[in-house]
Amino acid sequence: TSIKASSHRTSSTDSPAAMAIQSTMQVFAAVAIAVNFFTSSLASSVPVPTASIKGRLRLPDDKPLNSTLITLNDGQYSTYTQAHGDFVFHAVGPGVHVLEAHSPLHHFSQVKIQLLSESMEAPKCIEYVYPGAPKQAIPHPLLLTAHARYEYFEKRQGFSLFSILRNPMMLMMMFSVGLMLLMPKMMEGLDDDQKEQMKRQMEMQQDPSKMLTQLWGDISGTGESDNTTLEHRKASSKAGGKTARRTKRD
């Protein structure tokens with residue numbers, strides 16, 4: 001039985017239909033390899049167009065600028081400015097490129113440059129003063145002027161009378177001095193009863209226990225009666241002392 005099965009398998013694989021399918025697949029594979037080789041060789045033989053991107057950095061006051069790093073596409077291409085701020089990128093391919101000036105002292109615009117394979121010698125340049133700012137078209141070669149200077153440290157403020165007057169402690173001290181100067185003039189316009197009441201309030205402020213009893217009396221409504229009783233006691237004690245002195249004299 002095993003001999004019959006093996007003979008059946010060999011006969012099925014050696015059938016004309018299977019051999020035709022296998023030969024067709026080999027022909028398709030060979031054609032695909034040939035086409036791939038032909039297209040790759042053709043692409044390598046056609047040169048990719050390139051162009052040069054030129055520009056210049058300058059300061060508003062036309063002072064000399066230190067050598068500054070200029071990059072395209074976050075470092076895909078990089079160069080440094082020359083003595084007068086000129087720079088150039090050679091052999092830049094078609095596409096959209098982002099130019100940035102990495103200056104530690106001055107802020108320059110960001111420029112997007114579009115190079116089309118049909119017009120490599122006329123790039124389209126769009127300037128952004130800062131990310132998110134309105135765009136504006138600028139000519140090529142580029143001329144980028146610094147917009148601002150970076151300030152890393154705050155300037156030390158000098159002596160000023162206004163800074164002293166803005167101090168809260170100084171304001172409180174001036175207010176207290178003003179009250180001390182105005183209090184005698186305010187006391188002159190008061191009558192004897194008001195002066196006596198003010199003296200009592202000052203005495204209560206010096207003695208916290210009296211202040212608390214006064215506050216409790218004002219809350220409970222017995223403060224005036226207690227004050228009147230105290231005044232009557234003082235008056236009676238004064239009158240008793242006077243009568244005792246008279247009797248001794250008699």
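Which residues is Leu-99 in contact with, leaving aside its neighbours within four places in sequence? I looked this up at the start. Contact here means heavy atoms within 4.5 Å. Leu-99 touches Ile-53, Ile-70, Thr-71, Leu-72, Phe-87, Phe-89, Ser-109, Gln-110, Val-111, Ile-113, Leu-142 and Leu-144.

I noted the ground rules. The model is predicted, so local features need pLDDT of at least 70 and side-chain atom pairs count only at pLDDT 80 or more, while totals for chains, interfaces and linings use all residues. Residues are numbered from 1 along each chain as its sequence is written, and side-chain values use heavy atoms, without hydrogens or water.

Then I looked for salt bridges (a side-chain nitrogen of Lys or Arg within 4 Å of a carboxyl oxygen of Asp or Glu). I found two. Arg-58 pairs with Asp-62 at 2.6 Å, N to O. Lys-63 pairs with Asp-61, the closest N and O atoms being 3.7 Å apart.

How exposed are these residues? I used relative accessible area: buried is under 20%, exposed over 50%, partly exposed in between (1.4 Å probe, protein chains only). Arg-58 is partly exposed at 23%, and Asp-62 is exposed at 56%. Lys-63 is exposed at 53%; Asp-61 is partly exposed at 45%.
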